Amino acid sequence: MAPRKIIIDTDPGQDDAVAILLALASPDEIDVVGITAVAGNVPLPLTQKNARIVCELAGKPDVKVFAGCDRPLGRDLVTAEHVHGKSGLDGPDLPDPTMPLQDQHAVDFIIETLRAHPPKTITLCPLGPLTNVAMAFEKAPDIVDRVQEIVLMGGAYFEVGNITPAAEFNIYVDPQAAHIVFSAGAPIVVMPLDVTHKALVTQPRNDAFRALGTPVGIAVAEMTDFFERFDKEKYGSSGAPLHDPCVTSYLLRPDLFQGRNVNVMIETRSELTLGMTVADWWGVTDRAPNALFIGDVNADGFFDLLTERLGRL
């Protein structure tokens, strides 16, 4: 089979970086057509820079990186330096990128790419707020039916929120954009906190990254060393969840994941629950399912895959 063509929409972020590295390490299965940056974990000037840093770390400077929206659709930007550090990639000491940033706006690249390829051959992989994808859908509604699938990291149901009591960070940053995307009608697979909190970088798993002895393996270990301090303190867990690599891992090994086709709606008005992903897990409404909402992962299989692939770079 030909590699699956994807656009990674991202706001790197250490876990975003690992998700990108996993995709770039898997060219037989995944063809990264482009990477689009969005404001989220840190502001846009840093997310587009970080995306290029990660491509160069992977030895893939030919990947095209595009800068997109620098703020959410209808509110001020909320960032997460308290988790990811001032740069977004705190931990390893990585050089500034020399590869160019593309001139085209990320939203226009998404639209152009979906129109240029046969229908149902481009998968969108959002790892951050959904601003770029929502803007593309609003600007060019004809592209929605051309999307093969949207596999995204965001939301939560049983794990509730990580930035507010009710909301996960990516959805909370731009709930209006999330509402647009979830209402559009494209096939969606959701990696919520319910599954990512089961993919914990324990000390032995991080030691395995470091033991690769490569620049990529050492950098990933240093990234997770940095941001796990926040999650260990917050959740009392044995390690930090690797949220975004669940997206890439699903593309490679969907058999590692389990979930349900349910209806997911986004709260956009309540001050109390703004950005909540209201997942009808138990089927108590008559709302039609619009997403495969993942709830479980084979964590050992996930980390075995991740370590093996990172070792290829």
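D225 and R210 form a salt bridge (a side-chain nitrogen of Lys or Arg within 4 Å of a carboxyl oxygen of Asp or Glu), with their closest N and O atoms 2.4 Å apart. The structure is a predicted model, in which local features need pLDDT of at least 70 and side-chain atom pairs count only at pLDDT 80 or more, while totals for chains, interfaces and linings use all residues. Residues are numbered from 1 along each chain as its sequence is written, and side-chain values use heavy atoms, with hydrogens and water left out.

A search of the whole structure finds 13 salt bridges. In one of them, D296 and K198 meet at 3.7 Å, N to O. D296 lies in strand β12 (residues 291-297) and K198 in the loop between α8 (193-196) and β7 (200-201), so this pair ties together parts 98 residues apart in sequence.

R309 forms a salt bridge with E308, the closest N and O atoms being 2.9 Å apart. Salt bridges that share partners join E29, E308, R309 and R312 into one network. R309 is buried, with a relative accessible area of 8%, whereas E308 is partly exposed at 38% (buried, under 20%; exposed, over 50%; partly exposed, in between; 1.4 Å probe, protein chains only).

How values were computed:
Helices (H or I, at least four residues) and strands (E, at least two) are DSSP runs, numbered from the N terminus.
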